[in-house]
Amino acid sequence: MSDVPMTLRMRRPDDWHLHLRDGPMLDTVVPWSARHFRRAIVMPNLARPVCDARAAAAYRHRILDALARHRARTGIADTFEPLMTVYLTDDTDPRALVDAFRHGTVCAAKLYPAHATTNAAHGVRDVARIMPVLAAMADAGMPLLVHAEATAPSIDVFDREAVFIDQVLVPLVARLPGLKLVVEHITTREGVEFVVSAAATVAATLTPQHLLYNRNAMFQGGLRPHHYCLPVLKREDHRRALRRAATSGNPKFFLGTDSAPHTRQAKESACGCAGIFNAPSALSTYAQVFEEEGALDRLEAFCSLNGPAFYGLAPNAGHVTLVRDGERVPETIDTADGGVLTPFRAGETLDWRVLDDA
Ligand SMILES: NC(=O)N[C@@H](CC(=O)O)C(=O)O
Ligand SMILES: [Zn+2]
Ligand SMILES: [Zn+2]
């Protein structure tokens, strides 16, 4: 592949779907995101969910404090900007939510169907019941971010995204055509088709793991808990559809890592947690996927332009340079309180290395 460039300079990217956790885990993981990304949409699914503006503002301070401690410890400065979100419940007050958006305290609200994923126990039990909240968001132009999986135990785990789209999202966009909607971490052909055929107000994020792997990765020579996340990896034809969508140049698709750290102990367990800590290797993995698809010329739009355009923000002024000379991902990363994380692609040497290029 002699026509592949050896370096690639692009606007600094943002991460439009990120879990930073709290406490020592936050201290451990936030520098890894700040290294490559300028802004991130921070998910509100803490053990005690971030359900209102006050909790979001307090969490934002804890994130910035963690970065300040990192800077004091290492001397490494960053310009990371957390963009906060609110976790919707059956009891969310529409007026308070929209006020928080108008004041700029939060950028979006997140809909977790109750029990769909990590820390979703307090999520929404019936979307019909929060219709006044969603209508107020549509009027205000406030984006709704959705973990799009049906939760009824009778539904096959591999069908949950397609069923949710059919049962919830199709009627929702028909009822509230003005609603800005991001279908987070899409994993299926049905997800791609829904987003492509919907209005310009509907977009989706794509993770590195769903672009790189199909569901075989979870069973490669044995059970692989570090490849388990939700929505779960799907079969190969879905992965192909996701890769086509990401590299198509369609501005509805943009980068959202869904980096979601759990300690090794919580992952390697009889009932292992869902979530992949990919912050160290995400950007390099996206570059690899775009290279494999012959679409490196579209990488910048996916990583750095489409997301800001959807959220009504300017692209970043700074840049990063990707160099095609390999970067080794650590086998493990110690957490600030004695735990261990196994990052996505642990121990692998990646094709692309990310250099700072403010
Ligand atoms: N993606 C995951 O598997 N896990 C996320 C939650 C989520 O994004 O659904 C987490 O918070 O651990
Ligand atoms: Zn999710
Ligand atoms: Zn997530």
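Residues 15-321 are 41% helix and 12% strand, with the end C-alpha atoms 17 Å apart. Helices (H or I, at least four residues) and strands (E, at least two) are DSSP runs, numbered from the N terminus. UniProt, in an unreviewed entry, places the feature "domain: Amidohydrolase-related" at residues 15-321. UniProt positions follow the numbering used here, feature names are shortened, and annotations may be inferred rather than shown by experiment.

This is a predicted model: local features need pLDDT of at least 70, side-chain atom pairs count only at pLDDT 80 or more, and totals for chains, interfaces and linings use all residues. Residues are numbered from 1 along each chain as its sequence is written, while chains are lettered from A and ligands numbered from 1 in the order in which they are written.

**Annotated binding site**

- The unreviewed UniProt entry puts the feature "binding site" at His17, His19, Lys110 and Asp258.
- These positions are spread over 242 residues of sequence, yet they cluster in space, with a largest C-alpha distance of 13.4 Å.
- Lys110 also carries the UniProt feature "modified residue: N6-carboxylysine", again from an unreviewed entry.

**Lys110**

- Lys110 lies in strand β5 (residues 108-111).
- Is Lys110 buried or exposed? Lys110 counts as buried because it has 27 C-beta neighbours inside 10 Å.
- The cut-offs are these: a residue is buried if 20 or more other C-beta atoms lie within 10 Å of its own, exposed if 12 or fewer, and partly exposed in between, with C-beta atoms placed from the backbone.
- Beyond four places in sequence, Lys110 is in contact with Met43, Pro44, Thr85, Val86, Tyr87, Leu88 and Leu145.
- Contact here is defined by C-beta atoms, placed from the backbone, that lie within 7 Å.

- His19 sits in the loop between β2 (15-18) and α1 (23-36).
- His19 is buried, because 25 other C-beta atoms lie within 10 Å.
- Leaving out residues up to four places away in sequence, His19 touches Met43, Asn45, Ser259, Ala260, Pro261 and Gly275.
- Ser259 belongs to the loop between β9 (253-255) and α9 (264-267).
- Ser259 is buried too, with 29 other C-beta atoms within 10 Å.
- With residues up to four places away set aside, Ser259 touches Leu18, His19, Ser33, Phe277, Asn278, Ala279 and Ala282.
- Ser259 and Ile333 are 74 residues apart along the chain, and their C-alpha atoms are separated by 14 Å.

**Packing of α3 and α4**

- Helix α3 (residues 94-102) packs on helix α4 (residues 131-140) at an angle of about 25°, and their axes are 9 Å apart.
- Axes are lines fitted to C-alpha atoms, for helices over the stretch in contact, and angles run from 0 to 180 degrees between N-to-C directions.
- The two helices, α3 and α4, are therefore roughly parallel.
- Angles under 35 degrees count as roughly parallel, over 145 as roughly antiparallel, 65 to 115 as roughly perpendicular and the rest as oblique.
- From α3, the contact uses Pro94, Leu97, Val98, Phe101 and Arg102, and from α4 it uses Pro132, Val133, Ala136, Met137 and Ala140.
- By class, this contact has nine nonpolar, no polar and one charged residues.
- Ala, Val, Leu, Ile, Met, Phe, Trp, Tyr, Cys and Pro count as nonpolar, Asp, Glu, Lys and Arg as charged, and the others, Gly among them, as polar.

- In helix α6 (residues 189-197), the buried residues are Arg189, Gly191, Val192, Phe194 and Val195.
- Their cover includes α5 (160-175), β7 (181-183), β8 (202-206) and α8 (236-247).
- Helix α10 (residues 282-292) is mostly covered, with ten of its eleven residues buried.
- Among the buried residues of α10 are Ala282, Tyr286 and Phe290.
- Gly294 follows α10 and has a positive phi, near 65°.

**Val329**

- Val329 is in the loop between β11 (327-328) and β12 (333-334).
- Val329 is partly exposed, because 19 other C-beta atoms lie within 10 Å.
- Not counting residues up to four places away in sequence, Val329 touches Pro280, Ser281, Pro343, Arg345, Ala346, Gly347, Glu348 and Leu350.

Terms used: Two residues are in contact if their C-beta atoms, placed from the backbone, lie within 7 Å.
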